[in-house]
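Work through the exercises below with the sequence and the structure open. Each task is followed by a solution in steps.

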Amino acid sequence: MQELFLSKIIDLRILLREYFVGITEAVKKEFVHYEIVNFLPLSDLIIIPIDESDFEKKIIQYPDILELDTADQTLWYLGYSNKQSEFLILTDDGELFSECYISQIPAFRLPDFLLMLLKNTKIKKNVVAKSLKFWSYQKRYSKKDLKNWKKILQSIE
């Protein structure tokens, strides 16, 4: 999101305010460590507590999740524990995204999120096209994934 903002394509922070955006304490630590809080302040986010004992039990039941860092483990846990709710994980971590897919946890990568915003008429088609072009230039995603997103974009009226 920050790269799109700095490249003057779109400032998604404005749109994020329309959603319930939550993170865990472990994600908060990463936000502080990587100085993401300078771009997306903690005041715009809700810290969602997790049940530590249940978290530890769930993680042990799914050993592949142990491969993820703690922040991603907590996000996976929240998604897994709230499959029936409207929780949605937004991540560009490929491993977390894959584990969510395998576990049938609703998860989006940023291009998917932009396509959803387009379908909901929150952003314009050219913004998504510029973003995909930017990511192609930056080699942010695989050519196969970018081709798929471009195909989806073309199918949207």
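**Exercise 1: an aromatic pair**

Tyr62 is partly exposed, at a relative accessible area of 28%. The model is a predicted one.

Task: State how buried Trp76 is, and classify the ring pair Tyr62 and Trp76 as stacked, tilted or edge-to-face.

Solution. 
1. Trp76 has a relative accessible area of 0% and is buried.
2. Ring centres must lie within 6.5 Å to pair, and plane angles under 30 degrees count as stacked, over 60 as edge-to-face, the rest as tilted.
3. The rings of Tyr62 and Trp76 have centres 5.2 Å apart and planes at 55 degrees, so the pair is tilted.
4. Tyr62 sits in the loop between α4 (52–61) and α5, while Trp76 belongs to helix α5; the two are 14 residues apart, and the pair links distant parts of the chain.
5. Together with Tyr80, Tyr62 and Trp76 form one aromatic cluster.

**Exercise 2: a second pair**

Solution. 

**Exercise 3: the faces of α3**

Task: Find which residues of helix α3 (residues 25–33) are buried, and where they lie around the helix axis.

Solution. 
1. The buried residues are Ala26, Val27 and Phe31.
2. Viewed down the axis of α3, the buried residues fall within an arc of 145 degrees, so they line one face of the helix.
3. In general, an α-helix has 3.6 residues a turn, so residues three or four places apart point the same way.
4. The buried residues of α3 pack against β1 (22–23) and α5 (70–81).
5. On the face turned away from the buried side are the exposed residues Lys29 and His33.

**Exercise 4: α7 against α8**

Task: Describe how α7 (residues 110–119) and α8 (residues 125–138) are arranged, and name the residues in contact.

Solution. 
1. Of the 10 residues of α7, 9 are buried.
2. The axes of α7 and α8 come within 9 Å and cross at roughly 170 degrees.
3. Angles over 145 degrees count as roughly antiparallel; α7 and α8 are therefore roughly antiparallel to each other.
4. α7 contributes Leu110, Pro111, Leu114, Leu115 and Leu118 to the contact, and α8 contributes Lys125, Val128, Ser131, Leu132 and Trp135.
5. By class, the contact has 8 nonpolar, 1 polar and 1 charged residues.

Notes:
Residues numbered from 1 in each chain as written. Predicted model: local features only at pLDDT ≥ 70, side-chain atom pairs only at ≥ 80, totals over all residues. Heavy atoms only, no water. Buried < 20%, exposed > 50% of the residue type's maximum accessible area, 1.4 Å probe, protein only. Helix = DSSP H or I, 4+ residues; strand = E, 2+ residues; numbered from the N terminus. Arc of directions from axis to C-beta. Contact = heavy atoms within 4.5 Å. Axes fitted to C-alpha atoms, helices over the stretch in contact; angles between N-to-C directions. Parallel < 35°, antiparallel > 145°, perpendicular 65-115°, else oblique. Nonpolar A, V, L, I, M, F, W, Y, C, P; charged D, E, K, R; others polar. Phe/Tyr/Trp six-rings, centres within 6.5 Å; stacked < 30°, edge-to-face > 60°.
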